Amino acid sequence: MREVLHIFRKDVREHIYEIGLLLVLTAVWVGVGPSNLGRATSVDIREFFAWLVWLMVIAWWVLIARLIQGEPLTDDRAFWLTRPYGRWRLFAAKALSVVAFVNLPLLIAQTVFIAGAGFSPGRYIAGLAWEQVLITAFLVLPAVALATLTSTAAQFLLGALSVPRCC
């Protein structure tokens, strides 16, 4: 576990700007929030909210790609092969980073939205957990898979642009 936390701290140091940008986007998203959208008189704030959601998803994908491609599991010349920790520890550290900087801020933001609407967040734990599962399955795991299969940011970008659109 100590090695997992060591890799996690190293990732935080290396990707502090991406993490900071993601946390700022999440804070702005909470600030604009659905409770403020009901009082908005212009369409501009609604469009800004929609663009902010897309920017957050793009920031998630960039962070995930940078985390995974920083120390790929499949590379035979990777830094982690010269160290005494195994693949599962590296995988656990990357998963911890994704949960800490993608899932947890989103869960906190959604809890703030629920509380801001006047509801008790404790009553909606199952719904919030299910939403985290769905976001992980449909937004996070495809980014992880694509980042694992590609070795550069350009390849990741080309792969992300070629992902079929469902809507």
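1. A salt bridge is a side-chain nitrogen of Lys or Arg within 4 Å of a carboxyl oxygen of Asp or Glu. With that in hand, a search of the whole structure, which is a predicted model, turns up five of them.

2. Start with E3 and R89, whose side chains meet in a salt bridge at 3.0 Å, N to O. E3 sits in helix α1 (residues 2–14) and R89 in helix α5, so this pair ties together parts 86 residues apart in sequence. E3 is partly exposed, at 29% relative accessible area, and R89 is partly exposed too, at 23%.

3. Now look at D11. It forms a salt bridge with K10, with the closest N and O atoms 3.0 Å apart, and its side chain also meets that of K94 in a salt bridge (3.0 Å, N to O). D11 in α1 and K94 in α5 are 83 residues apart, so to speak distant parts of the chain being linked. Both D11 and K94 are buried. Shared partners join K10, D11, E14 and K94 into one network.

4. Which residues have the most contacts inside the largest nonpolar core? They are W29, W60, W61 and I64, in a core of 32 residues. Helix α4 (43–70) gives the largest share, twelve residues. Another core, of five residues, lies apart from this one and includes V4, I7, L90 and A93.

5. Last, helix α7 (residues 153–161): F156, G159 and A160 are buried. They cover an arc of only 100 degrees around the axis, which puts them on the same side of α7. The face turned away from that side carries the exposed L157, L158 and L161.

Definitions and conventions:
Residues are numbered from 1 along each chain as its sequence is written. This is a predicted model: local features need pLDDT of at least 70, side-chain atom pairs count only at pLDDT 80 or more; totals for chains, interfaces and linings use all residues. Side-chain values use heavy atoms; hydrogens and water are left out. Buried means under 20% relative accessible area, exposed over 50%, partly exposed in between (1.4 Å probe, protein chains only). Helices (H or I, at least four residues) and strands (E, at least two) are DSSP runs, numbered from the N terminus. The arc is that of the directions from the helix axis to the C-beta atoms. A nonpolar core is a set of buried Ala, Val, Leu, Ile, Met, Phe, Trp, Tyr and Cys residues joined through side-chain atoms within 4.5 Å.
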